[in-house]
Amino acid sequence: MLKYVVRRIFQMIPVFLGVTLILFVLRIPGLLPGDPIQLIVGEKPLTPALRAQIEEKNHLNEPVHIQYAYYVSGIAQGDLGESYQKGRPVTDILFDKFPNTFRLALAGIIVEIVIGISAGIISAIRQYSFWDVLVTLSTSILVSVPVFWLGLLLQMFFGIRLKEWTGGAVFLPISGMGNPPDFVHLVLPAITLASVSTAYVARIMRSQMLEAMGQDYIRTAMAKGLTERAVVFKHALKNALIPVVTYIGIDLGVLMSGAILTETVFSWPGVGREIYLAVMQRDWPVVMGGVIVIVLIVMFINLLVDISYALLDPRIRYGGAAE
Amino acid sequence: MALLEVTNLKTHFTTRDGVVRAVDGVTFEVKEGHTLAIVGESGSGKSVTALSLMRLIPDPPGKIVDGRITFRGESVLGMNDSAVRSMRGDRIAMIFQDSMTSLNPVFRVGYQIGEALRIHKGMTRKEAHARAVEMLDLVGIPNPAQRARDYPHQFSGGMRQRAMIAMALACDPDILIADEPTTALDVTIQAQILELMIELQQRQGTAIIMITHDLGVVADMANDVMVMYAGKQVEYGKADEVFYRPLHPYTWGLLASLPRHDVDEKGTLLPIEGQPPSLIDVPPGCAFHPRCPYAQERCKREIPELREAAPAHLTACHFAGQAGFGQGAAGKGEGVA
Amino acid sequence: MSARRRKPGFPPDADPDSPKAAYRGGPDGEQTGGSSDYVGDDLANRPERTLWGDAWIRLRKNKLAIIGLVWILIVVTLTLSADFWVPQNFASPTSTDAGSLEAPSAVHPFGTDRIGRDVFSRVVYGARVSLAVGVLAVGISLVIGLLMGALSGYYGGLVDTLVMRTADIFFAFPYTLFAIALLAVLGPSYHNVFIAIGILGWPSVARVFRSSILSVKENEYVDAARAMGASDQRIIFRHIMPNAVAPIIVYGTMSIGGAIIAEAALSFLGMGVQPPTPSWGAMLSEAKALMVAAPWLTIWPGFAILTTVLAFVLMGDGLRDALDVKMKD
């Protein structure tokens, strides 16, 4: 098991370096709009002395590969550079915003688990019923919905119209996290973010349940005198959940990296929105730092999911047959 | 009164293509501590018969449409759900052909064996586990305490089948139904498993219903034999009778196609010509007539009744028991003397 | 009470007249046994069927897929012919009576936007951008992806590792962020949008194609061809590709839907198609601030995206079922 983990980590390293390389290449002066030195300086007048000083500090005079080395070693030490716009270290900015994105993603996962898994189970138990048809159709439809449009619609309906209809009494907030951050503000953004994934979870849960319920061991369990409920929820479910749990695990990373659209629509102060604003303002260190952080987190989550899968399925955890 | 009495059982399945008459009128009984062998090709209805006894027929599409099943005097078909569930696993237990797929891969073997004990005998986890270890020992698995904590995929094929037997016998049922328990196993292991079953039967007094297509298996174990074809019962009687004085042409075919090591002829295997019929579109008259070398006009029109053609030996053939039937009259259809 | 053991089988007999002999076909032993229900003759008379013909027949039966196909055809026809029938000029305010932010009416079925443009015409013209980007982006992904996948799958070894590692790097990036970064470098515009989406899409295509090739490569007929002296290139094109193509067709169709959504998202964020070219995503961006005052601005472009993408998804689903050789009827 330990060997497996170590091996996986070794595989991840070149990929991570590749990511940094691509980001670095993008940052080469001339490629991205805006003179980086000018951007750093901002409004202040740019004297040659100042320019020289900045170039020195940022190693801009060195050959490209040296710059890259500085860049990577910086990352290894946790230094992602300084924001052009704000002058603060990128790491500070990101760590400020990162918990917000994590909260949102976590809320999304909870939605997925609660709605997705139950919908999938009900759909499988009552195959071909109205509920089943609903689940199957809605998965196709949800996949085709642009997430940000869904967010807009939810805002429009639950935020604004609902408020009108109930004379301001009942509504869901549509912007920001609340001050202090509260649960109500999480509802709409979380649903928006998780919508497509929930559809997938329901679909996978359904097909896994159907497959499990068609297995021979179900017949054996019935032959032992178990109730139908015990058979479905103990014997079938435990088998069906394994792939679903792995999917949800991976989805945590997906949600975190994909939150940018939802955060923009709902003005949610998270990492995604921060990166987006930085792009608009040409604040490249923030952009690149943000991408690196997200990539690292997603890789880490995927590794955890891999390990947990091996732990969950006894066929993998304990090897083959013994005499 | 016998332990289990089945009268005119009919189980049909309603499918898109028509009604599948999987079991179409079988009558038999199982006595305390005895072994009944149900023999037939794939699709003859033997497994469906067994599942019907436990009321494990999925509805839809299947349904027991006729007949009576009486267990210890009580009507099985009349039981409510709760009574059926308490019967299953406790007084009638079943083991299946494929032990790998019949055991749940994500639960430990000891847990699965103990499950019936927890449900039917009210044991605690610990008690059930201890008893499961005992059962594993009983079926001859070495290191049972260790093994009980293993998962099914960690067992070899033969051991898994033993574990299934342990699971079935945990509550000391009156009847053990074994659906092709050795078909998927190596020949040497087959023999071991059968030995085990015989031994356990002697020790615990369990009646066994052995379902198989392999007459060799039956020869060692059965008190009574029932031969099935196309959902119908074609022969039924004591094992010796059916083996040494078979009455039905299908049984003759089955016996003739047995590989024999004491035959000094060229000894080619003689499978019966043709295929088993579709159970939706059963041939008219005697279902076996398309493949029967002795078929006559009457066989194509009239369904033969199950009758006692010899003492305590029933068969469903128009000509069974008639003098000279099956001897020298092959193929000519000149009437049987 | 177990039965005593006995030897299996019929009592020994060398009697040629025994029933056993009947089955052997002894001296008199022709079988009289009944009818021969042999179905074989039927098979020879069946009409000729090819894989594609088969698939087309199955696809026709799938109602949802046909609805998808029909809808796409409708959209394509409407948008390509738009110049001929769209009454209002989409790029500038209409001539006389239209004011800004008018609610939907007979004259303006989808209402007008802030500067008086007819939303309906903008939606129709917007289809051009979406469809073009969808098809072109997927085209680029396919070209790069098929090539990489083919090299990777066929040659294996170091080539395979290199290509797959590169794909991994692409997969590691969060999609939207990477697209934004690319567009920041390339500069937001109509052309760069489909280039960016195309570039981001190749790894998935390569992966799918590679696994297709790997499974086909194992097949014997490739060995047979090689034994006949066929060159690598010939093997790839004539033998492997036709069989590996089916999953690609399915994937490609469904990716068009994904590309359309990606373009909409990028335009929504301002990184895609620039005004005044109408793009559904950009229209939604404008609509956000006016959500209260003019809900039609939000509803209709989004609905257009939904239906178009759904059509591709349904068609993709239908194609997958139709081309699945394992699902014989």
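## Confidence in chain C

What pLDDT does chain C average, and what share of its residues score at least 70? Chain C averages 74, and 69% of the residues reach at least 70. The pLDDT is the predictor's confidence in each residue, from 0 to 100. This is a predicted model: local features need pLDDT of at least 70, side-chain atom pairs count only at pLDDT 80 or more, and totals for chains, interfaces and linings use all residues. Residues are numbered from 1 along each chain as its sequence is written, while chains are lettered from A and ligands numbered from 1 in the order in which they are written.

Helices (H or I, at least four residues) and strands (E, at least two) are DSSP runs, numbered from the N terminus. Over residues 1–48 of chain C, pLDDT stays under 50. Where pLDDT is low, the predicted coordinates should not be read in detail.

## Where chain C touches chain A

The complex gets an ipTM of 0.85 and a pTM of 0.80 from the predictor. Chain C brings 31 residues to the contact and chain A brings 34 residues. Residues are in contact if their C-beta atoms, placed from the backbone, lie within 7 Å. On the side of chain C, α13(C) gives the most, with nine residues.

## Two helices in chain A

Helix α10 (residues 228–266) of chain A meets helix α11 (residues 271–280) of chain A. Their axes come within 7 Å and cross at roughly 80 degrees. Axes are lines fitted to C-alpha atoms, for helices over the stretch in contact, and angles run from 0 to 180 degrees between N-to-C directions. α10(A) and α11(A) are therefore roughly perpendicular (65 to 115 degrees) to each other.

Notes. Two residues are in contact if their C-beta atoms, placed from the backbone, lie within 7 Å. Angles under 35 degrees count as roughly parallel, over 145 as roughly antiparallel, 65 to 115 as roughly perpendicular and the rest as oblique.
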